[in-house]
Amino acid sequence: MFDSVITIESSYDLACRIANRLKIPVLKIEATTRSNGEILVNGSLEGKNILALFPNTGNSNHDFVSFLFMIDGFQNITAIIPYMPYSRADKSHELRVIAKMLESRGVTSIITLDIHSTTSISAFNIPVTNINSFEIFSEIYRKEDQNILIVSPDIGATQRASLFAEKLGKEIVFIDKITGILTGPQEIKGKKCIIVDDIIDTGRTLNIASRIIKEKGAESIEACITHGIFSAVDIFDYPIDVFYISESVVPINVCEKIKYLTTDEVFACNILGAPHQPMMI
């Protein structure tokens, strides 16, 4: 078992909830940022057998450097990285560099959530547990009627959305965002459409997909997105009624259209090997 959970201010709330479920203490590492962007972290702490929570603020470079400074002095570290930076390419040189740096600083295993490409796991020489996002969103739709249609907004979301549809026992439609051609059930009119993807960053893919199915007569549109980066998104301009987003990236975009789902239970239950029940924040 782990001795404690460590993190910095931005992820302290999530760290406390994980620690509470595991019944271990949480340690907040003090970190500050100079006006020129340099990060200062209290580096006088030591320990073994710890959980280290990655500070996912959406600024991957800043978060990663903060994390490296934070874990210095600790050994036998299991890193909880809700959103894995630099994982969007199947063959990512950058991710391999990140893997080497984490491993060299004492990280012996990683738990992450819905990594963009599962082939990216090969960049690591240590065990990586990738929790599927279905565990976060499943309970929202398990008891829904047959009027639901799962939507894959582009080719990159095909595997993720297909699993979602299979688990729920629902039909799925695939969208080619370049041509607007739909593959699968052509009867969209009157359906409750659920778009499934892992990341919303600029939001372009989600915007295109939602407009296509709206024009086809969808009765309502919802989106299940694991990582809400929201770097350039005006969600009020989208024909999407509700966004379900995990808290893998610290929630900063708060409005009535977005419902954030907690992740502390899915991480804690993964560590303990127990089932979990998703909850909204």
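Strand β9, helix α5 (residues 158-168) and strand β10 (residues 171-175) form a right-handed β-α-β unit. Here helices (H or I, at least four residues) and strands (E, at least two) are DSSP runs, numbered from the N terminus, and a crossover is right-handed if, with the strands pointing away from the viewer, the path from the first strand over the helix to the second runs clockwise. The model is predicted, so that local features need pLDDT of at least 70 and side-chain atom pairs count only at pLDDT 80 or more, while totals for chains, interfaces and linings use all residues. Residues are numbered from 1 along each chain as its sequence is written, and side-chain values use heavy atoms, with hydrogens and water left out.

Two strands are said to pair if DSSP finds at least two bridges between them. By this criterion, β9 pairs with β10 in the parallel sense over four bridges, and S152 stands opposite F174 of β10. A parallel pairing over four bridges also joins β9 to strand β12 (residues 192-200), where I194 is the bridge partner of I150.

Strand β9 (residues 148-152) is largely enclosed by the rest of the structure, because five of its five residues are buried. In a regular strand, side chains alternate between the two faces of the sheet. In β9 both faces are covered, with I148, I150 and S152 buried on one side and L149 and V151 buried on the other.

The structure contains zero disulfides, a disulfide being a pair of cysteine sulfur atoms within 2.5 Å. C193 takes part in no disulfide, and the nearest cysteine sulfur, that of C224, lies 12 Å away. C193 is buried, with a relative accessible area of 0%. For C269, the closest cysteine sulfur belongs to C16 and is 18 Å away, which is too far for a bond. C269 also counts as buried, because its relative accessibility is 11%.

V233 is located in the loop between β13 (220-228) and β14 (242-246). V233 counts as buried because its relative accessibility is 18%. Contact is defined as heavy atoms within 4.5 Å; when neighbours within four places in sequence are left aside, V233 is in contact with I200, D201, T202, G203 and Y238. V233 and S162 are separated by 71 residues in sequence and by 26 Å in space, C-alpha to C-alpha.

Note on methods: Buried means under 20% relative accessible area, exposed over 50%, partly exposed in between (1.4 Å probe, protein chains only).
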